[in-house]
Amino acid sequence: MNSLLKLLSENSSYTTSELALILNEPEDYIKAQIREYEDKGIIRGYKAIVNWQELDEDMVSAIIEVKVTPERETGFDRIAEEISNFDEVKTVNLIAGQYDLLLVVSGKTMNDVASFVSKKLSPIDNVLDCQTNFILRNYKEGGVKMVDSIEQKDKRSFVL
Amino acid sequence: MDYQNVLNESIISVKPSGIRKFFDIAAEMDNVISLSVGEPDFKTPWHVRQEGINSLRMGKTWYTPNKGLTVLREEITKYYDRRFHLKYDSKSQVLVTVGGSEAIDLAIRCLAGVGDEVIIPQPSFVCYEPLTQMAGATPVLMSTKVENEFRIVPEDLEKCITDKTKVLILPYPNNPTGAIMEREDLEKIAEIIKKHNIIVISDEIYAELTYTDNKHISIASIDGMYERTVVINGFSKCYAMTGWRLGYALGPEEIISQMTKLHQFCIMSAPTTAQYAAIEALKNGDEDIEDMKNEYEMRKHFIVGSFEKLGLKCFVPKGAFYCFPCIKTTGLSSEEFCTRLIKEKHVAVVPGNAFGQSGEGFIRVSYCNSLANISEAIKRIEQFLTEIKNGN
């Protein structure tokens, strides 16, 4: 795997000088590479992985499976884009199996999510069926554990 | 009671490890970043832990055969053939031990006794000298030099050999320097070793952590060396299994059988749970080794590059997980440097002279820590160096 992208996907807050040291490459080369990835749309953005559960703010998420009829010419792409346009929708994937699209949708309350499904998602042309699964607890997100591990932290003894 | 009269004089006379003192200071402090320990920060891969758990669940709680489980010994021989192209007979040439450390002790005790000399290159891991003394033999210390990339060179080896020389310890990839011995280096010293009929104890515990394009070469694979080499290895470093305490020795049947006899009387058999877990590591752990090695290699680049930026000259390590920067330009001794660094900046590193007098002027910095912690430690070291320069 591309080491630079792997490092940035694990921690996008590395500075270019840190990346240059880690990868044993000149910093200018690292900067140019990153610029190229950004220009080509390989890197689409940088953001923090927030554990919203730790905050008092109201936030509910659901995984929604959607069955759709693919359209002539565009297949699933147009519908997927239309669904992606809603701010409530955080993730959209085309999947194999009983359903076609798998969404992650967030709102302040369960009611918000429910009304998104009934008022915005279901009425879309060619959306046939939705199955809403509310998320109760988020354990891992984007490769990062979202709850404190029950495993022991670094407790290495000072030995030889 | 006067315990000085009660205790064995030969044990009392062995010097305690130089590292201990710093560890005692570090253990008392908060907010310490430790770049001092020789232990992976990774946890044992989950599939390996599961096999340990499973063996307990299945009630496998008895002793194993003295030499170790048959399947484990078979897997060890397959592993050494697969990774290092060395063939051993699992029935007669393998002994499973409590860590590589026990295997080193057994090998020294089986090969060297009163009146024999054991050549120990330094800087090196702290156990060889005391274990040689406790075997009643005489340690002959041989300094390796930074200008030779801390390798053993033929001239230095020749100088140490007498008609009493029995054993050469070959600790590569090396703790603390990160040096390795490449094929041509080994071939050069092999001629001398054969000429003087010396046995080699090749401590290859860091073999998997070799960062050159060529993988680790064992001296046992050099022409004529197989029959005069005891290879020591284990699971601690390459599979992050330090706490399981499991290692092994490979070598000529005549030596391994004597080591097995000793092991049988003092240990009985290595921990059973660890042996079952180790079978899984050998069968399905090659990828774990690569993943951890890649991570160490990135840290190595980062830490060596950072020391260079700070103006501390650093031999680029080719193996293990330590770097060994020279701190002579600071005007401090290794011990002063480390004591002040831990007290003033709460960063723990080990003075180079803990690994032999030739390590004076260097510090051992382990990169068994996250990049984030290493980065923070480097910042603190930078402040420390600035303060020294300004005479604080």
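**Interfaces and their labels**

Guide: This is a predicted model. Between chain A and chain B, 6 residue pairs are in polar contact, both residues of each pair being at pLDDT 80 or more.

Visitor: Which helix of chain A gives the largest share of the side that touches chain B?
Guide: Helix H2, residues 16-23 of chain A, with 5 residues. The side of chain A that touches chain B divides into 8 nonpolar, 4 polar and 3 charged residues.

Visitor: Why is the pair Arg49(B) and Glu151(A) called a salt bridge?
Guide: Their side chains meet at 2.9 Å, N to O. The cut-off is 4 Å, from a side-chain nitrogen of Lys or Arg to a carboxyl oxygen of Asp or Glu. The value of 2.9 Å is within 4 Å, so the pair is a salt bridge. Across the interface of chain A and chain B, the rule finds 2 salt bridges.

Visitor: How many residues of each chain are in contact?
Guide: 15 residues of chain A are in contact with 26 residues of chain B.

Visitor: What area do chain A and chain B bury between them?
Guide: About 1800 Å², with 61% of it on carbon and sulfur atoms. Interface size is often given as the accessible area lost when the parts come together.

Visitor: How is chain B divided into domains?
Guide: Domain 1 of chain B takes 3-44 + 287-385, and domain 2 takes 60-284. Their centres, taken over C-alpha atoms, are 24 Å apart. Between these domains, 35 residues of domain 1 are in contact with 39 residues of domain 2. The two domains of chain B bury about 3100 Å² between them, 63% of it on carbon and sulfur atoms.

Visitor: Which three residues supply more of the area that domain 1 of chain B buries against domain 2 than any other three?
Guide: Ile289(B), Phe315(B) and Lys318(B), which supply 24% of that area.

Visitor: What makes Lys318(B) and Glu182(B) a salt bridge?
Guide: The side chains meet at 3.9 Å, N to O. The limit is 4 Å, and 3.9 Å is within it, so the pair is a salt bridge. The count between the two domains of chain B is 3 salt bridges. There are also 16 residue pairs in polar contact between these domains, both residues at pLDDT 80 or more.

Visitor: Which element gives the most to the side of domain 1 of chain B that touches domain 2?
Guide: H12(B), with 8 residues. That side of domain 1 of chain B divides into 19 nonpolar, 7 polar and 9 charged residues.

Terms used. Residues numbered from 1 in each chain as written. Chains lettered and ligands numbered in written order. Predicted model: local features only at pLDDT ≥ 70, side-chain atom pairs only at ≥ 80, totals over all residues. Heavy atoms only, no water. Contact = heavy atoms within 4.5 Å. Buried area = accessible area lost by both parts, 1.4 Å probe. Polar contact = N/O pair within 3.5 Å; in protein donor to acceptor, adjacent residues only side chain to side chain. Helix = DSSP H or I, 4+ residues; strand = E, 2+ residues; numbered from the N terminus. Nonpolar A, V, L, I, M, F, W, Y, C, P; charged D, E, K, R; others polar. Domains from an automatic or database assignment.
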